[in-house]
Amino acid sequence: MEEPEQIKVIRIGAEAVVSRLRWNGFDLVSKHRVPKPYRIPELDRRIRDKRTLHEAKIIVELKKAGVPAPAIMLLDRSSSTIYMQYINGIELKRALDELDPIKIEKIARRLGEIIGKMHLKKIVHGDLTTSNIILDKSEKIYLIDFGLSSVTDDVEELAVDIHLLDRSLESAHHKIRERFMKHFLIGYSKIVGKNRTLEILRKVKEIRMRGRYVERSG
Ligand SMILES: Nc1ncnc2c1ncn2[C@@H]1O[C@H](COP(=O)(O)OP(=O)(O)O)[C@@H](O)[C@H]1O
Ligand SMILES: [Mg+2]
């Protein structure tokens, strides 16, 4: 077996370093959770291991349920590193600036179906922004970055996913936000049902109001 060859560092985040690699003919991404010097070493190791394992498990669960996410190729617990399939594409954030409105509607609807499936499996993403959604060359959607995900069917937590998506559109893509969310919800309610969607949307509104209130008074 040859050693993985590092192609480039994609992102140095607060928690992890994400890199692109070539390994035995595969294009891979590694996500390495880095040690935090301010934590007690043993505790630090346990936290990184727990989060790495959690992220990998959630991805495997989702893939079983037909929710598109990068395939996990290898899990190196000794270094808190996940090796996964490299998705050759662009973040939704960037795609939204480039694609025509009809295509965007289709993508929004499909994303709604995907998030609906994920929520039916009681999985909440926890950081559902347009940077954590990748479109590949054939415009297939992949979800990534499950470090903050949790297993729950609490309406409030499900609503936070939709709120975060909406807010990430609000900041970067103001013009297409309404159109995107309309079509997203068509796809979402097709999977989770109309009543459940309305219930979750009521929570989304509540969360938004609370946010505004905090902004004004804080
Ligand atoms: N499997 C992957 N294929 C292609 N790009 C990826 C993959 N995983 C992560 N990336 C890229 O790296 C960035 C950071 O990865 P992410 O898991 O979101 O880490 P962070 O917790 O730092 O946000 C993503 O926004 C995406 O652009
Ligand atoms: Mg991310």
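## Starting at R179

Begin by selecting R179, which counts as partly exposed because its relative accessibility is 37%. Keep in mind as you look around that this is a predicted model.

R179 and E105 form a salt bridge, and their closest N and O atoms are 2.7 Å apart. R179 sits in helix α5 while E105 belongs to helix α3 (residues 101-120), so this pair ties together parts that are 74 residues apart in sequence. Is E105 buried or exposed? With a relative accessible area of 17%, E105 is buried.

While you have helix α5 on screen, color residues 177-192 and pick out K182, which is found in that helix. K182 counts as exposed, because its relative accessibility is 54%. For a sense of distance, select R11 as well: the C-alpha atoms of K182 and R11 are separated by 32 Å, and the two residues are 171 apart along the chain.

## Over to K203

Next, select K203 and E156. Their side chains meet in a salt bridge, at 3.6 Å from N to O. E156 is in helix α4 (residues 155-172) and K203 in helix α6 (residues 194-217), so here the pair ties together parts 47 residues apart in sequence. E156 counts as partly exposed at 24% relative accessibility, and K203 is partly exposed too, at 23%.

What do the side chains of K203 and E206 form? They meet in a salt bridge, with 3.2 Å from N to O. These two residues are three apart in helix α6, so about one helical turn separates them. E206 is partly exposed, with a relative accessible area of 40%.

Why look for such pairs? Side chains of opposite charge can pair when their charged atoms come close.

## Along the strands

Time for some strands. Select residues 16-23 (strand β2) and 26-33 (strand β3), which pair in the antiparallel sense over eight bridges. Look across from L21 and you'll find L28 of β3 standing opposite.

## Last stop: the magnesium ion

Select ligand 2, the magnesium ion, which is coordinated by N132 (OD1) and D145 (OD) at 2.1 to 2.2 Å. The pair links distant parts of the chain, 13 residues apart: N132 is in the loop between β7 (123-124) and β8 (133-136), and D145 is in the loop between β9 (141-143) and β10 (150-151).

N132 is buried, with a relative accessible area of 5%, whereas D145 counts as partly exposed at 25% relative accessibility.

Note on methods:
Residues numbered from 1 in each chain as written. Chains lettered and ligands numbered in written order. Predicted model: local features only at pLDDT ≥ 70, side-chain atom pairs only at ≥ 80, totals over all residues. Heavy atoms only, no water. Helix = DSSP H or I, 4+ residues; strand = E, 2+ residues; numbered from the N terminus. Buried < 20%, exposed > 50% of the residue type's maximum accessible area, 1.4 Å probe, protein only. Donors = N, O, S within 2.8 Å, 3.2 Å for Na, K, Ca; no water. Pairing = 2+ DSSP bridges. Salt bridge = Lys/Arg side-chain N within 4 Å of Asp/Glu carboxyl O.
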